[in-house]
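I opened the model and kept notes as I went. The entries follow the order in which I looked things up.

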Amino acid sequence: MTELESEVLPLPPRYRFRDLLLGDQSFQSDDRVQVEFYVNENTFKERLKLFFIKNQRSSLRIRLFNFSLKLLTCLLYIVRVLLDNPEEGIGWSHIFWVDRKMPLWAVQVSIALISFLETMLLIYLSYKGNIWEQIFRISFILEMINTVPFIITIFWPPLRNLFIPVFLNCWLAKYALENMINDLHRAIQRTQSAMFNQVLILICTLLCLVFTGTCGIQHLERAGEKLSLFKSFYFCIVTFSTVGYGDVTPKIWPSQLLVVIMICVALVVLPLQFEELVYLWMERQKSGGNYSRHRAQTEKHVVLCVSSLKIDLLMDFLNEFYAHPRLQDYYVVILCPTEMDIQVRRVLQIPLWSQRVIYLQGSALKDQDLMRAKMDNGEACFILSSRNEVDRTAADHQTILRAWAVKDFAPNCPLYVQILKPENKFHVKFADHVVCEEECKYAMLALNCVCPATSTLITLLVHTSRGQEGQESPEQWQRMYGRCSGNEVYHIRMGDSKFFMEYEGKSFTYAAFHAHKKYGVCLIGIRREENKSILLNPGPRHIMAASDTCFYINITKEENSAFIFKQEEKQKKKGFVGRGTYDGPSRLPVHSIIASMGTVAMDLQNTECRPANSSKLTLPAENGSGNRRPSIAPVLELADTSSLLPCDLLSDQSEDEMTQSDEEGSAVVEYVKGYPPNSPYIGSSPTLCHLLPEKAPFCCLRLDKGCKHNSFEDAKAYGFKNKLIIVSAETAGNGLYNFIVPLRAYYRSRKELNPIVLLLDNNLDSLLQCGIIYADNLVVVDKESTMSAEEDYMADAKTIVNVQTMFRLFPSLSIITELTHPSNMRFMQFRAKDSYSLALSKLEKKERENGSNLAFMFRLPFAAGRVFSISMLDTLLYQSFVKDYMITITRLLLGLDTTPGSGYLCAMKITEDDLWIRTYGRLFQKLCSSSAEIPIGIYRTESHMFATSESQISINVEDCEDTKDVKEHWGIKTSHHRNSCSSDQSEHPLLRRKSMQWARRLSRKGNKHSSKTAEWISQQRLSLYRRSERQELSELVKNRMKHLGLPTTGYDEMNDHQNTLSYVLINPPPDTRLELNDIVYLIRSDPLAHVANDGHSRKSSCSNKLGPCNPETRDETQL
């Protein structure tokens, strides 16, 4: 071993590459071998091929040189023709011999020699074993015709004046140009449009045909009338254009034969070229072409990435995007992997959109397609998920990959991403704005149960509207509802605002009340300059600063408003106050906005601030007595926080959780406040909630099955004190977390907590067992398994039919659901022959024709908050491009996010004891002065007499009281009811005779049945025949309840409430009259914001309240 080690020489200290090349004398005995590695084969032919063919840049230079040579030969041919002066007379020798000057011959010979050598070299390099394939190529034959004769003239001088068709080099120039363009594209690594290449080839083909015909006819006519080159060109143009004047014609047969050949060639070549061009044009129409780099640098554009583009999605995006004035100069580039739909194509051909919308067929995962869309120069990129997919998780995965691809290609382009499932949201957390469909959907469904029509409120706020919807309707509620729907959320810096500038240094509550009283705007939140968090109703402790950004609800933004200051006459003022007049719910306020297109005029009458002592409003005396109720306290500039306690108006909204009620002390479930210990997905916002002290066993979660802890098997046995909230879903997904959290939030009192029942089996028995007759709301969640890819609008079919079935079985139950397509809302609570529904359908069509984005808003289920379309989240995403705060404000209103110091959305109900307040403006003052709450709207329910067709009404002849009830309930005219009764009574004797005959036959057949039994059966049959559909459904439900052992008393109390309609008034005028059972939307300040500072305030008196204050209520509010 030691001998082997001694034989191996050590490596030198510095082993260099030059030692291998020059050698090292001290290591001549070394057996090392130098090996050189080459990327290409190290032969002379391969190196030439690399230079002439494979290398893109050198090959491009060579082809450019070759193209220049061919053009030069054509130019020299024209020079030779112009210098040629053939002898007079007709002779065939003029065709074969020409007059070629010696310098011209020398130049042509040199060019021919170079071209010949280059051609032979390329033949050698491109040889692949078949020499005949190279020889019989048209380009090689033309090259030999134009070069070999010139080379022969070098050795045989008499042939120097021989005619050589050098003009055929134009076809070689065309071939060289095609190869040169291909090499150019390879060299700069860009894919030029195939349309451009084809158009270029077509133009070159036409030029070559015309040039060949011109030169050929001119030369052949040397033996005839000797046409000039210009006249030959004129003849070719006239001939190829099929005009044929006949003033210039070939005279000899060779030129005539050439014309025939050229026409035949043109008839073969040109149609092929045009076919390729048309095919490429059609393909380009499908793919959409490119968005040029020059346009991307000089114009602003946004990119919309979708997996499939439907007409509804396109129109929603375009109408909402271009509703903002500053976006009128933007272009929209749509990047979609599927072919353009026929309806989409028709819409994009409209001049309004064809000048601003560009459709590109391509994938966001390909850099070439992102380059076509100029994504790196885009102002924003919207990535929408396909909610029509059967597998919504797969749709989210596609959205995630698109977002990653766009972020990788254009990291500086703002991303607006829509995701379907909340568990996938953290994958696109890097995006500038993210909207999760299931989060918002479940949160809106939950808030609809405690704050009616929250979904309608949010939908109207995020949609762009002019407030002109329904203004031509004869219905009073439609005009007021449509006018208030024009309110949106805007922002402005306080120091730049006329609305709020005068309230600098004042409390937020003071600024909100006086801005609403003076200008009709509703201040809902602020954002500090040093803090980027938005705070909804930060409370009276917040002092307004000039650098604050104010968020307010109004018909239009302040920049589009004109201010007109006036003074009221004293007499008019006295008359208004004395009457307390109210002309109708739609009368515009004195201090509010008059909405119009563009600029809004604001009539500000009596704008001076009243002194504190004059803010008390005199109330009318009761029953002629002189007793007066206390007036509303003024809103202080710097409020005394010790006096900010909930008033009796809100006593139903808060209750001391630590105090047990008198009648149910032992039955009350204990709750503690805390954060949910387990988060269902990454990225869920932590929310302080009511929790059980100990985790309930899993076996106790089954309502229909007992366990060792309890033996209850239905909702009645549990004895729930509050109304149930039933969620009918197909699976218990992670999105249900966002349904439960808003209903269990810490700011809701214990008495407000409704039991939540999750129903996974949707049938009548399950509905009855889970206690639907004790439920206040039934929430029907979208069924994922019904998503149909074949017909998108059928995605809601199962949900609509299920809801309609439940609506017919339980007509008084509040059923809340969401649909994929807004147009399907017309099928909710569908009545085929209801004249009022038909009138609403006509109104919807009229509003759609007028260009409204909210044509469906007058449908009764949507107006009442019973249904909403999840497509409104698309609008929310589009709005965030202009209003980057909209997603944050929406999430705060829905309770998805909780910011310390920010308020939350809740509701209060107007009772008979509250009607003394009279108007919405006085209610605003009352809430601001007593509990520092900001009202933002009203949910109003009013009775309405529906004109229903006669065929819809089933009348029971035997029960006159039922007939009277139906009449009073539906608002039927007396004449209609009388006619229907008479028709039923006329049929009664005939039905009785038939039933008696049937009874006699039955008694003859079987002697077992007595005549009394037969008569009873006959009467039962007759009653079954005459009973109404409502009674039939009622008996069906009662029979199932009896079969399940459930009491039917609760179902008997359920009445049909179809004679009422409900709607939402956002930021109504201050003089809007309050009505009984109005529900007011409030933004209540955060009770946890200043817990430490409120300890001494719990012992203070309720000086600003209407009645005595409950200390337990104060503890709940102040926590």
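**Entry 1: the whole chain**

I began with burial: 49% of the 1119 residues in the chain are buried. The model is a predicted one, and I read it as such. I then went to the secondary structure and found 38 helices and 24 strands. For contacts with a separation of 6 or more, I noted that 75% join residues 24 or more positions apart. The accessible surface comes to about 56,000 Å². Carbon and sulfur atoms hold 56% of that surface.

**Entry 2: nonpolar cores**

Which residues touch the most other members of the largest nonpolar core? I found Phe 321, Phe 382, Phe 500 and Phe 739, in a core of 175 residues. Helix α19, residues 437–450, gives this core its largest share, with 8 residues. A separate core has 26 residues, including Met 375, Cys 413, Val 428 and Val 434.

I followed Phe 500 further. Leaving out residues up to four places away in sequence, Phe 500 touches Ile 492, Met 494, Ala 515, Val 521, Leu 523, Cys 550 and Tyr 552.

**Entry 3: the sheet with β7 to β10**

Next I traced an open sheet of 4 strands. The order is β7-β10-β8-β9, and the pairing is antiparallel. The edge strands are β7 (488–493) and β9 (534–536); each has a single partner, so one side of each lacks a neighbour in the sheet. From one strand to the next the twist averages 30 degrees.

I checked the pairing of β8 (residues 522–527) with β9 and counted 3 bridges, antiparallel. There Ile 526 sits opposite Leu 535 of β9. I also looked for a helix packed on these strands. Helix α31, residues 886–894, lies across β7, β9 and β10 (549–554), at about 40 degrees to β9.

**Entry 4: strand β19**

Is β19 mostly covered or mostly open? I found it mostly covered, with 6 of its 6 residues (814–819) buried. On one side I listed Ser 814, Ile 816 and Glu 818, and on the other Ile 815, Thr 817 and Leu 819; all are buried.

Then I looked at its partners. Strand β18 (residues 775–780) runs parallel to β19 and is joined to it by 4 bridges. Leu 778 stands opposite Ile 815 in this pair. Strand β20 (residues 867–869) also pairs with β19 in the parallel sense, over 3 bridges. Thr 817 has Val 867 of β20 as its bridge partner.

**Entry 5: the sheet with β21 to β24**

I traced another open sheet of 4 strands, ordered β21-β24-β22-β23, with antiparallel pairing. Its edges are β21 (904–909) and β23 (1060–1066); each has a single partner strand, so one side of each is left without a neighbour in the sheet. The twist averages 25 degrees from one strand to the next. β21 pairs with β24 (residues 1079–1084) in the antiparallel sense over 6 bridges. Tyr 904 has Arg 1084 in β24 as its bridge partner.

**Entry 6: cysteines**

How many disulfides are there? I counted 0. I checked Cys 170 to see why. The closest cysteine sulfur, in Cys 208, is 4.2 Å away from the sulfur of Cys 170, so the pair is too far apart for a bond; the cut-off is 2.5 Å. Cys 170 is buried, at 8% relative accessibility. Cys 264 is partly exposed, with a relative accessible area of 43%.

Definitions and conventions. Residues numbered from 1 in each chain as written. Predicted model: local features only at pLDDT ≥ 70, side-chain atom pairs only at ≥ 80, totals over all residues. Heavy atoms only, no water. Pairing = 2+ DSSP bridges. Helix = DSSP H or I, 4+ residues; strand = E, 2+ residues; numbered from the N terminus. Axes fitted to C-alpha atoms, helices over the stretch in contact; angles between N-to-C directions. Buried < 20%, exposed > 50% of the residue type's maximum accessible area, 1.4 Å probe, protein only. Contact = heavy atoms within 4.5 Å. Areas by Shrake-Rupley, 256 points an atom, 1.4 Å probe, with all protein chains shown as cover. Core = buried A, V, L, I, M, F, W, Y, C linked by side-chain atoms within 4.5 Å.
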